[in-house]
Amino acid sequence: RKFEYAGLKFERVMFDKLPLYQARIPITTATGSVVANYNLYLRNDPRKSRIPIEGKIRLMKNIVLAVNESAHTCQYSGVAGVTLSQFFEAAGVKSIKGTTNLTESTEKNIIFADCDNLNAENSVLIITESNETKITQKTKDCYIMEVANCEILEAVERFMLGTIAQSKGYEI
């Protein structure tokens with residue numbers, strides 16, 4: 001029921017009939033005082049994930065999030081979106097809607113999510129359909145989350161865990 005992974009202490013808990021993997025992460029001030037605990041809940045056992053993370057994840061003050069439309073049709077896309085939003089909020093990172101479609105960006109006045117022209121205060125996360133699920137650092141603060149077979153929740157959980165683990169000096 002309890003195990004350590006990537007510097008975090010996890011406990012397998014049941015939410016009604018749904019097994020979850022919970023880790024408490026202290027939220028601290030700049031001086032190191034703990035002000036709250038963030039409860040990270042994963043649906044998938046983090047020890048079993050084989051989704052590669054290529055590069056170092058580092059979140060800036062804001063993150064521009066662009067999701068390919070095909071990802072919205074996946075069964076757990078809503079859960080993945082809420083989970084990722086809650087994670088960014090707890091980390092103090094403002095999530096900004098973006099698009100990889102330049103026409104849509106212009107027509108709807110949405111930020112164009114592009115790895116080549118980054119604002120110094122923004123990270124970019126582009127979630128797109130692919131034939132392999134993996135997370136890749138394309139440039140210093142830009143990440144591509146490729147999702148195969150609607151593994152969007154698994155990829156989001158891996159991104160969150162990778163962010164936490166790498167910030168603590170662990171490679172997963």
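The model is predicted, so local features need pLDDT of at least 70, side-chain atom pairs count only at pLDDT 80 or more, and totals for chains, interfaces and linings use all residues. Residues are numbered from 1 along each chain as its sequence is written, and side-chain values use heavy atoms, with hydrogens and water left out.

Start with the open sheet of four strands. Its order is β1-β2-β3-β4, and the pairing is antiparallel. Strands are DSSP runs (E, at least two residues), as are helices (H or I, at least four), and both are numbered from the N terminus. Two strands pair if DSSP finds at least two bridges between them. The edge strands are β1 (2-5) and β4 (34-42), and each pairs on one side only. Neighbouring strands of this sheet are turned by 35° against each other on average, direction ignored. Axes here are lines fitted to C-alpha atoms, for helices over the stretch in contact, and angles run from 0 to 180 degrees between N-to-C directions.

Look at β1 in detail. Four bridges join β1 to β2 (residues 8-15), and the two run antiparallel. Glu4 stands opposite Lys9 in β2. Tyr5 stands opposite Leu8 in β2. The hairpin of β1 and β2 has two residues between the strands, and Ala6 takes a positive phi near 55° there. Phe3 and Tyr5 form the covered face of β1, while Lys2 and Glu4 form the uncovered one.

Next comes the open sheet of seven strands. The order is β5-β10-β11-β9-β6-β7-β8, with mixed pairing. Its edge strands are β5 and β8 (111-112), each pairing on one side only. β5 pairs with β10 (residues 134-139) in the parallel sense over two bridges. Ile53 has Ile135 as its bridge partner in β10. Helix α1 packs on the sheet and touches β6, β7 and β9; its direction makes about 170° with that of β9. Contact means heavy atoms within 4.5 Å. Helix α3 also packs on the sheet, touching β5, β9, β10 and β11 (142-147), and its direction makes about 145° with that of β11.

Now follow β6 (residues 62-67). Five of its six residues are buried, so β6 is largely enclosed by the rest of the structure. Buried means under 20% relative accessible area, exposed over 50%, and partly exposed in between (1.4 Å probe, protein chains only). On one side, β6 pairs with β7 (residues 94-99) in the parallel sense over four bridges. Ile63 stands opposite Ser95 in β7, and Leu65 stands opposite Lys97 in β7. Six bridges join β6 to β9 (residues 122-129), which also runs parallel to it. Ala66 stands opposite Ile126 in β9. Further out, two bridges join β7 to β8, which run parallel. Gly98 has Ile111 as its bridge partner in β8.

The interior comes next. A nonpolar core is a set of buried Ala, Val, Leu, Ile, Met, Phe, Trp, Tyr and Cys residues joined through side-chain atoms within 4.5 Å. The largest has 37 residues, of which Phe10, Leu40, Leu84, Leu125, Met145 and Phe159 touch the most other members. Its largest share, nine residues, comes from α3. Leaving out residues up to four places away in sequence, Phe159 touches Ile57, Leu59, Leu84, Phe88, Leu125, Ile135, Tyr143 and Met145. Another core lies apart from the largest one; it has nine residues, among them Val64, Ile126, Cys142 and Ile144.

The pocket brings β6 back. The largest pocket has a volume of about 460 Å³. Of its 24 lining residues, Leu65, Ala66, Val67, His72 and Lys97 are the closest to its centre. The elements that give two or more residues to this lining are β6, α1 (77-91), β7 and α3. On a 1 Å grid over the protein atoms alone, a pocket is an open set of points where a 1.4 Å probe fits, with protein on both sides within 12 Å along at least five of seven lines; lining residues have an atom within 4 Å of a point. Grid points are joined across faces, edges and corners, and a volume is the space filled by probe spheres set on the points.
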